[in-house]
Amino acid sequence: MSNEPTITITGNLTGDPELRFTPSGQAYARFVIAATPRRYDRTTNGWTDGETMFLRATAWRDLANHIAASLGKGARVIASGRLRQNNWTTDDGETRWSIDLEVDDLGPSLHWATATVTKATRDQAERADQRQPAAEGTPAGGDPWTATPAGGRAEPATAGAGAAGTPPF
């Protein structure tokens, strides 16, 4: 909708983004962003941390694939999106709700880190959209991650890879 307000939050990922797929094969990534305000306290001449806010977030389609392939636990990110209220009733009949972020855009914060940007091509995006899941959270062909190197980011498997062994996303 054109009149939906968007918010921007800066924080750290509390865990690796979880890449999953809907029954129709649509990719989505779920993750949590933790944001802790810091304020300078003149009485102690030092910084004090405020109460940490944990915001659950979801990204869809190509953005979900890019987030899962690029970011991991502890990464400082800047996320922009729309807040959504989710309501449900527990088995005990209690009504519960949560406020989550539906992410429109997300990137690494370059305040304390550097990043190398690689532009995704339309061909790569189309191949990623054509993947069908074998099971909840697992693309066709099995586990998409074969190893986790010392840097902490998993390497995509070459099975189902595109031309010249490039990953399909």
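In this tour, a residue is buried under 20% relative accessible area, exposed over 50%, and partly exposed in between (1.4 Å probe, protein chains only). The model is predicted, so local features need pLDDT of at least 70 and side-chain atom pairs count only at pLDDT 80 or more, while totals for chains, interfaces and linings use all residues. Residues are numbered from 1 along each chain as its sequence is written, and side-chain values use heavy atoms, leaving out hydrogens and water.

**Stop 1: Trp 97.** Select Trp 97 in strand E8 (residues 95–108); strands are DSSP runs of at least two residues, numbered from the N terminus. Trp 97 is exposed, at 56% relative accessible area.

**Stop 2: Glu 4.** Next, look for salt bridges (a Lys or Arg side-chain nitrogen within 4 Å of an Asp or Glu carboxyl oxygen). The count is 9. Select Glu 4, which is partly exposed at 21%, and show Arg 82, its salt-bridge partner at 3.6 Å between the closest N and O atoms. Arg 82 sits in strand E7 (residues 76–89) and Glu 4 in the segment before strand E1 (7–13), so the pair ties together parts 78 residues apart in sequence. Arg 82 is buried, at 15%.

**Stop 3: Glu 94.** Finally, pick Glu 94 and Arg 96, a salt bridge with its closest N and O atoms 2.6 Å apart.

Notes. Helices (H or I, at least four residues) and strands (E, at least two) are DSSP runs, numbered from the N terminus.
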